[in-house]
Structure formats: structure tokens, C-alpha cells
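User: I'd like to learn how to read a fold from its model. Can we take the features one by one, starting with strands?

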Amino acid sequence: MPTDHHPVRRSVARLLAASLMLMLASACARQTGWHNTVVTGLPTLAFDMTRANDGKPVTAADYRGKVTLLYFGYASCPDICPMTLANVGQVLRRIGGDASAVRVLFATVDPDRDTLPVLRQYVAAFGPQVDGLRGDPDALAALARRYRVAYSVRPGPDYEVTHSSGIYVFDRGGAARLLVSSLSTQDADVKGAAADLRRLVESNG
């Protein structure tokens, strides 16, 4: 029988399959009034990384009391990441003053190239609510596994990075509530995402 000599590819395939299963299961749990996919059964927000904006170590506890968006990407991403973050910016502008109760966590999957200064400069272009997060390989892998996010980095002349494009949304208490998969395209549902975020901001849970 043929043997797969690429453990990274096997790992990414498993994560992609898990992500697909999560999306299918969550679609069944879609609740009336939400524009994005309701997620159930995921663990609360937890991580231990460094915030590029100020160089400080941070954990999920630093974001309790805020509606928090978690997105995985990298600073040299040519299209999906800047498109997604630009659309997130539109969403935040749409909810006006409620945006002060929202934080966007951009966790780099390419920490070798995304140094803290690079990451700080990158997220600054998308608004004050966006915080860049950088962790060592173990911390990054643990965070990705926690939320079934797939990513891979292939160094070399043809440097290649892949990652899932969904955004996880956590309520003020750190509970996972939504998966937003509509903000990575030009026809993003900005209005729907804004309505969902406003609802979470105004909720006590």
C-alpha cells in the first residue's frame, strides 16, 4: 500500500475534515434571528500569546467583558486576510459606538516571518479594535486545535501558507457563539454580521 510521508498534510487534512463536520453540525443548530452559524459544544476562549500592539503577554482573561472575534491569518497574505479584515472594519463602523465593546484577535499562523513589529504594523491598518497575536509553535498549534482550525506553513523557495478563513465569535463571557464565514469575499454579508455583533454586545450572556 502507498505510504503518506507528509505528516503535516495528514494533520491539515484531519483539521479540515473536523472543520467541515463542525460547520455541518452548526448549520443544523442555526437559530432564528442569527445571520451567521451558531456553534455549540466548543470550549471557551483560552490562549497564552503575545500581543503585537504593545508587546505584552496576554490571555483570554484580558478580553473578558468584550465580544471577541478570533481569526487566523498572516501578514503577507495576498488576498483573503486583507479582504476579511477590511470587511470586519466595515462591520465595526456599521455598529458605531458598540464597536468599543468588540475586539478582533488576529492570530498569525506564520510567526517565523510575522515578528511583533511586522504584525503590529499590519493590524494597525485595520483599526484600533484589531489586536495581533503571536505565539510559539506549541501555543499556536494548541489554539488552532482547540477550535479545529486548519493551517500549514511550507518554507522554502515556494513559501506557502494555508489557513482556514472563518471567524469565531465569543460573547462577553468567553463562550463560543458564532462562526462567521461570509467576510472573506467581496459580497460579504456585512449587514448580517453587524446585526449579530450588536446583538451579542447588547446581551448579558
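Analyst: Two strands pair if DSSP finds at least two bridges between them. Helices (H or I, at least four residues) and strands (E, at least two) are themselves DSSP runs, numbered from the N terminus. A word on the source: this is a predicted model, where local features need pLDDT of at least 70 and side-chain atom pairs count only at pLDDT 80 or more, while totals for chains, interfaces and linings use all residues. Residues are numbered from 1 along each chain as its sequence is written, and side-chain values use heavy atoms, with hydrogens and water left out.

User: How many helices and strands does the protein have?

Analyst: Five helices and ten strands. Eight of the strands form an open sheet with mixed pairing, and the order is β1-β10-β9-β4-β5-β6-β2-β3. At the edges stand β1 (37–38) and β3 (56–59); each has a single partner strand, so one side of each is left without a neighbour in the sheet.

User: What sense of pairing do β9 and β10 show?

Analyst: Start with the general idea: strands of a sheet pair through backbone hydrogen bonds, either parallel or antiparallel. Here, β9 and β10 are antiparallel, with four bridges. You can find F170 opposite A176 in β10. Five residues lie between the strands of this hairpin, and G174 there has a positive phi near 90 degrees. β9 also pairs with β4 (residues 67–73), again in the antiparallel sense over four bridges, and L70 sits opposite Y168 in β9.

User: Which way do the residues of β9 point, and are they buried or exposed?

Analyst: In a regular strand the side chains alternate between the two faces of the sheet. In β9, I167 and V169 point one way, Y168 and F170 point the other way, and all are buried. Buried means under 20% relative accessible area, exposed means over 50%, and partly exposed is in between (1.4 Å probe, protein chains only). Across the protein, 46% of the 205 residues count as buried.

User: What about a positive phi in a residue other than glycine?

Analyst: Most residues other than glycine have a negative phi. R148 has a positive one, near 55 degrees. You'll find R148 in the loop between α4 (137–146) and β7. With a relative accessible area of 33%, R148 is partly exposed.

User: Now the inside. What volume does the largest cavity have?

Analyst: Rolling a probe the size of a water molecule over the atoms shows where empty space is left. On a 1 Å grid over the protein atoms alone, a cavity is a set of points where a 1.4 Å probe fits but cannot get out, and lining residues have an atom within 4 Å of a point. Points are joined across faces, edges and corners, and the volume is the space filled by probe spheres set on them. The structure holds one cavity of 30 Å³ or more, and the largest has a volume of about 60 Å³.

User: Which residues line the largest cavity?

Analyst: L69, V88, V91, I167, V169, L178, V180, L183, A193, D196 and L197. Two or more of the lining residues come from each of α2 (80–94), β9 (167–170), β10 (176–180) and α5 (190–202), and α5 gives the largest share, three residues. By type, ten are nonpolar (Ala, Val, Leu, Ile, Met, Phe, Trp, Tyr, Cys or Pro), one is charged (Asp, Glu, Lys or Arg) and none is polar (the others, Gly among them).

User: And which residues does I80 touch?

Analyst: Contact means heavy atoms within 4.5 Å. Leaving out residues up to four places away in sequence, I80 touches Y71, S165 and S184. I80 belongs to helix α2 and, at 31% relative accessibility, counts as partly exposed. I80 and S165 are 85 residues apart in sequence, yet 7.5 Å apart in space, C-alpha to C-alpha.

User: Where is R199, and what does it contact?

Analyst: R199 is in helix α5. Beyond its neighbours within four places in sequence, R199 contacts T32, G33 and W34. R199 is partly exposed, at 36% relative accessible area.

Notes
1 Å grid on protein atoms, 1.4 Å probe; cavity = no way out; pocket = protein on both sides within 12 Å on 5 of 7 lines; lining within 4 Å.
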